[in-house]
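Me: I have a chain here to go through with you. Can we start with the overall build and then look at the annotated sites?

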Amino acid sequence: MAYKVVVVGATGNVGREMLNILAERQFPIADIAAVASARSQGDIIDFGDSGRELKVQNIENFDFSGWDIALFAAGSGPTKIHAPRAAAAGCTVIDNSSLYRMDPDVPLIVPEVNPHAIDGYRKKNIIANPNCSTAQMVVALKPLHDVAIIRRVVVSTYQSVSGAGKAGMDELFEQSRGIFVGDQSTPEKFTKQIAFNVIPHIGDFLENGAYEGYTAEELKMTRETQKILDPEIEVTATCVRVPVFVGHSEAINIEFEKPISVAEARAILRESPGIMLVDKREDGGYVTPVECVGDYATFISRLRRDPTVDNGLALWCVSDNLRKGAALNAVQIAELLGRRHLKKAA
Ligand SMILES: NC(=O)C1=CN([C@@H]2O[C@H](COP(=O)(O)OP(=O)(O)OC[C@H]3O[C@@H](n4cnc5c(N)ncnc54)[C@H](OP(=O)(O)O)[C@@H]3O)[C@@H](O)[C@H]2O)C=CC1
Ligand SMILES: N[C@@H](CC(=O)OP(=O)(O)O)C(=O)O
C-alpha cells in the first residue's frame, strides 16, 4: 500500500529533512504535497534527492480530504488551527510541535521506546512527536531501564542552533561572520550573543510549582520522558544553547534501582535499536555533534560508572536533532502507523 502524504512546514529545517528522509527511506508514497505559509506559496522545493520538485502550497487553502498522513512541522500556532482540520478530514496528523504532547488523548511516540502506545491515536487522529532533546535521551535510557529500572536522571544539554529553526542558524552564521569582519549584530532569536558563547536558557522560565526557575525546555525533558518511558522516573535537566549548527549533545547521569555494571550496559546498548555505541577510551574515541549530522543513530560515548551514587552510570549522548529529534522520528511514526493500522484498513 502507498500513502498520500502532506508535509506541513515543508520549507523549514524540519520539513526539509522530512522530505529528505521520506525519499531516502523510500517511504511508500502515492502522492506528496509540500505545504507552508502564504509567504512560500509557489516556491519550488526538492523532494529529497528523488529528482522530483514540489510546488509549495498555502496551508490556508489546503484541503486535507483524501490525504492519508500529514507530517506537521510548523510550530504550535499554525498547528492549533490546521491539525484538527486535517484530523477531522480523515488525514492522520503526526505533529512535531509541543501542542499535543501532554494531551492524554494523543500518543507521544518514539518507535524504539513505546511503539504500542500508538494504538490510542484514533481518539483525535493525532500522534505527537517529542521534543528533540527528549527523543534522543529516551532512546538511550529505554534499554537500560528495561534491565535495571531507572529512578533518577540528571541531564545537561548542549543544543545546536538549528533547534531554534532557520532563524537560529542564520543568527549564528551572521554573528560569527560579523565578529571576524568587525560588524556589530544585536541578538534577536537568542537572548545573548550565541557566536563563541553558550546560553543557559531555552524556552520560557517557569514561575510556579515544583519546577519554578526551570525553563519550559527543561520541564519538557521531565514530563515527556515520564509519558514516553515511565511516569516514575525523575528527571532534572539544564538546557544550554551552544554555537553548533546541527546536532544536540547531552551529558547524562543515571541512578538505577538495581546494580548494573559498565560492561553489562555496554553489551545492552550495543544491541539496542537506534543506538550506536562509539566508546573507546582514547583520543577521538567518542562522537561529537558535527559527526552525527545526517545520521539516523543516537550515538553513545563516554560510558562510565558514577561512583558518587549507588547504582550510577554516566554517559555522553549525541544525535542529529533535525533527524532523530524531529523528522526521522516522525517518518518512523508514519512507518509504524502504516504497519500497525493503515495496512489493516486496506
Ligand atoms: N528544530 C528542531 O530540532 C525541532 C523542531 N521541532 C518542531 O518543529 C517545528 C518546526 O521547526 P523548524 O523546522 O525548526 O522551524 P523553521 O522556522 O525552520 O520552519 C518553520 C516552518 O513552518 C512554516 N510556517 C510558519 N508559520 C506558518 C503558518 N502560519 N502556516 C503554515 N506554515 C507555517 C514555515 O513556512 P514559511 O517558510 O512559509 O514561513 C516553515 O516551513 C516546530 O514546531 C518545532 O517546535 C521539533 C523537534 C525538534
Ligand atoms: N526546543 C528545541 C527544539 C524543539 O524540539 O522544540 P519543541 O519542543 O518546541 O518542539 C531546541 O530549541 O533545540
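Me: What is the radius of gyration, and what would a compact globule have?
Reply: This is a predicted model. The chain has a radius of gyration of 20 Å. With 346 residues, a compact globule would be near 20 Å, so the chain agrees with that.

Me: What does the C-alpha trace span along its principal axes?
Reply: About 60 × 60 × 45 Å.

Me: How many helices and strands?
Reply: The chain has 8 helices and 14 strands.

Me: And what share of the residues is buried?
Reply: Buried residues make up 46% of the 346.

Me: Of the contacts between residues at least 6 apart in sequence, what share joins residues at least 24 apart?
Reply: That share is 67%.

Me: Domains next. How is the chain divided?
Reply: Domain 1 covers 3-130 + 326-345, and domain 2 covers 133-320. Their centres, taken over C-alpha atoms, are separated by 25 Å.

Me: How many residues of each are in contact?
Reply: 13 residues of domain 1 are in contact with 17 residues of domain 2. On the domain 1 side, the touching residues divide into 6 nonpolar, 5 polar and 2 charged.

Me: Switching to ligand 2. Which residues are around it?
Reply: N96, S97, S98, N131, C132, Q159, G163, A164, I202, E217 and K220. That shell divides into 3 nonpolar, 6 polar and 2 charged residues.

Me: Which domains does the shell draw on?
Reply: Domain 1 and domain 2, with at least three residues from each.

Me: Q159 is in that shell. Which "binding site" listing has it?
Reply: An unreviewed UniProt entry lists Q159 and R241 as "binding site".

Me: Where is Q159 found, and is it buried or exposed?
Reply: Q159 is in strand β9, residues 150-159. Q159 is buried, because 26 other C-beta atoms lie within 10 Å and the cut-off for buried is 20 or more.

Me: What does Q159 touch, leaving out residues up to four places away in sequence?
Reply: S133, I202, C239, V240, R241, V242 and H248.

Me: Take T11. Where is it found?
Reply: In the loop between β1 (3-8) and α1 (13-24). T11 is buried, with 20 other C-beta atoms within 10 Å. Leaving aside neighbours within four places in sequence, T11 contacts A36, S40, D43, I45 and V56.

Me: And N13: which element, and buried or exposed?
Reply: N13 is in helix α1. N13 counts as buried, with 22 C-beta neighbours inside 10 Å. Not counting residues up to four places away in sequence, N13 touches S162, G165, K166 and L322.

Conventions. Residues numbered from 1 in each chain as written. Chains lettered and ligands numbered in written order. Predicted model: local features only at pLDDT ≥ 70, side-chain atom pairs only at ≥ 80, totals over all residues. UniProt positions renumbered as here; feature names shortened; annotations may be inferred. Helix = DSSP H or I, 4+ residues; strand = E, 2+ residues; numbered from the N terminus. Buried ≥ 20, exposed ≤ 12 C-beta atoms within 10 Å, placed from the backbone. Contact = placed C-beta atoms within 7 Å. Rg over C-alpha atoms; globule rule 2.2 N^0.38 Å. Domains from an automatic or database assignment. Nonpolar A, V, L, I, M, F, W, Y, C, P; charged D, E, K, R; others polar. Near = placed C-beta within 6 Å.
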